[in-house]
Amino acid sequence: MADNIVSISLLILSLSAISLTIAIRVVPLFENYENPSFKSNLFDTSKYGRLQLNNGLARTPQMGWNSWNFFACNINETIIKETADALISTGLADLGYVYVNIDDCWSTLTRNSKVQSRPVTFRLSKFSWLVVQGDLVPDPETFPSGIKALADYIHGKGLKLGIYSDAGVFTCQVRPGSLDHENDDAELFASWGIDYLKYDNCFNLGIKPEKRYPPMRKALNATGRTIFYSLCEWGVDDPALWAGVVGNSWRTTDDINDSWASMTTIADLNDKWAAYAGPGGWNDPDMLEVGNGGMTYQEYRAHFSIWALMKAPLLVGCDVRNLTTETLEIVSNEEVIAVNQDSLGVQGRKVSVAGTDECSQVWAGPLSGNRLVVALWNRCSKTVTVTAKWEALGLDPTTSVSVRDLWKHKDVSGDVVALFSAQVESHDCMMYIFTPNTVSRYAI
């Protein structure tokens, strides 16, 4: 929710000046992906695992729901309970959408005691600040039963509850942050039964995120409760380079909004960091906008396809109590979800581009069982034929593959060699599984 913060935080941490240029190269995949003796720049994971945070979580990307994209600050315990009920009744929970995550605005504007009268220097900075003593307090008007009671309700449904705080002195909506309160806040969250923490980046006093985020990891681990730790520092200091031993996922971009321009830009930015993601820690290009009304059905289908292929967290951001048939069709596609949750855990990426402004694109990634997921994404303004060539996929040109369409839920062909093409509508994305018909080698 960086786009809603007060001007002070925007001035400190504006992302508008950041420019990331992504070079797309067509290079070969290696033969046995799971054999580390083979090396390649395509689907490379050599940057992954500077051993990921080993708290037993995030073996696959997290799935669930977050309140911010649709409700923003207009949340209350009734909405959260009804959302949990809807995840059950729609069948989404059975598909893996188990985290029910409360975003900003759940707490009161102050902690539960007065500000100290003496200045205290933060242990992490040179700034002096008045440290507010006391605990975070749920807003009595919107969460009158308290978070513990809400967690009990969510757990009773077989789901998990997430909450929000900030690695600064305030949250983005100017509620109390957790900077220099990590131990107390982590203990409080654990006592409530929290399962997930989204940790934002507002009002951070200019302290480097590499210093502000690890204390909360340590504090969460010290509670003895296993809590998913989601870093939301907007990609400011390239968290893929350091966050693998800190959190279970890390935001690589600024906030998404419900538009084609935002979604495509964020996909490209996240693509840069593909080599750093894997089981235990994932690149996070922000939550899903599917169903919020700002894009077409085709654009939302592309959004969901590429997020799944990139092994991004699948956190629904619409009102699941009132899903349209089209929205439910997209977010409940079991075959696409299976790509996201594949046990191999390799982030797919952009492998070739063509056409005006490189708008005809092929994205791909390896899956378990010696398979490939291939997305033909048309970002052009008209219908075009998008072609995936074996060279771009790292396949030997003589390899025969069977092709399954994940949106039509049917096998397209049993014997495709050298290239595969499909006509794709403007801003739509077709998604396939390629399965070699023989034990063939990848081109090296």
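Does D180 count as buried, exposed or partly exposed? At 21% relative accessibility, D180 counts as partly exposed, because buried means under 20% relative accessible area and exposed over 50%. The structure discussed here is a predicted model. Its secondary structure comes to 12 helices and 18 strands, and 58% of the 444 residues count as buried. Among the contacts with a separation of 6 or more, 73% are accounted for by residues 24 or more positions apart.

**The parallel sheet**

- Eight strands make up an open sheet with parallel pairing, and their order is β9-β8-β7-β6-β5-β2-β1-β10.
- At the edges stand β9 (282-284) and β10 (314-316); each has a single partner strand, so one side of each is left without a neighbour in the sheet.
- From one strand to the next, the twist averages 25 degrees.
- Within this sheet, β5 (residues 160-166) pairs with β6 (residues 196-200) in the parallel sense, over five bridges.
- The bridge partner of D166 in β6 is D200.

**The antiparallel sheet**

- A further open sheet has six strands in the order β11-β12-β13-β18-β15-β16, and here the pairing is antiparallel.
- Its edge strands are β11 and β16 (410-417), each of which pairs on one side only.
- Direction ignored, neighbouring strands of this sheet are turned by 25 degrees against each other on average.
- Strand β15 (residues 400-405) is joined to β16 over five bridges in the antiparallel sense.
- Opposite V401 stands V416 in β16.
- In general, the strands of a sheet pair through backbone hydrogen bonds, in either a parallel or an antiparallel manner.

**Helices lying across the antiparallel sheet**

- Helix α8 (residues 260-271) lies across β11, β12 (360-367) and β13 (371-378), and runs at about 140 degrees to β13.
- Helix α9 (residues 297-309) lies across β11, β12, β13 and β18 (429-436), and runs at about 35 degrees to β18.

**The contact of α3 with α4**

- The axes of helix α3 (residues 77-89) and helix α4 (residues 147-156) come within 10 Å, crossing at roughly 10 degrees.
- That crossing makes α3 roughly parallel to α4, because angles under 35 degrees count as roughly parallel.
- On the α3 side, E77, I80, K81, A84 and D85 take part, and they meet L150, Y153 and I154 in α4.
- The residues of this contact divide into five nonpolar, no polar and three charged.

**I154, a buried residue of α4**

- I154 is found in helix α4 and counts as buried at 0% relative accessibility.
- Leaving aside residues up to four places away in sequence, I154 touches I80, A84, V100, L159, K160 and L161.
- The C-alpha atoms of I154 and T83 are separated by 9.8 Å, although these two residues are 71 residues apart along the chain.

**Q347, a buried loop residue**

- Q347 is found in the loop between α11 (334-340) and β11 (349-354).
- With a relative accessible area of 1%, Q347 is buried.
- The side chain of Q347 makes a polar contact of 2.8 Å with the side chain of N283.
- Not counting residues up to four places away in sequence, the residues that Q347 touches are N270, D271, W273, A274, A277, N283, L309, M310 and K311.

**Two loop residues with positive phi**

- D180 is not a glycine, yet it has a positive phi of about 70 degrees.
- The place of D180 is in the loop between β5 and α5 (182-192).
- A418 likewise has a positive phi, of about 80 degrees, although it is not a glycine.
- A418 has its place in the loop between β16 and β17 (419-424).
- With a relative accessible area of 32%, A418 is partly exposed.

Conventions
Residues numbered from 1 in each chain as written. Heavy atoms only, no water. Helix = DSSP H or I, 4+ residues; strand = E, 2+ residues; numbered from the N terminus. Buried < 20%, exposed > 50% of the residue type's maximum accessible area, 1.4 Å probe, protein only. Polar contact = N/O pair within 3.5 Å; in protein donor to acceptor, adjacent residues only side chain to side chain. Contact = heavy atoms within 4.5 Å. Pairing = 2+ DSSP bridges. Axes fitted to C-alpha atoms, helices over the stretch in contact; angles between N-to-C directions. Parallel < 35°, antiparallel > 145°, perpendicular 65-115°, else oblique. Nonpolar A, V, L, I, M, F, W, Y, C, P; charged D, E, K, R; others polar.
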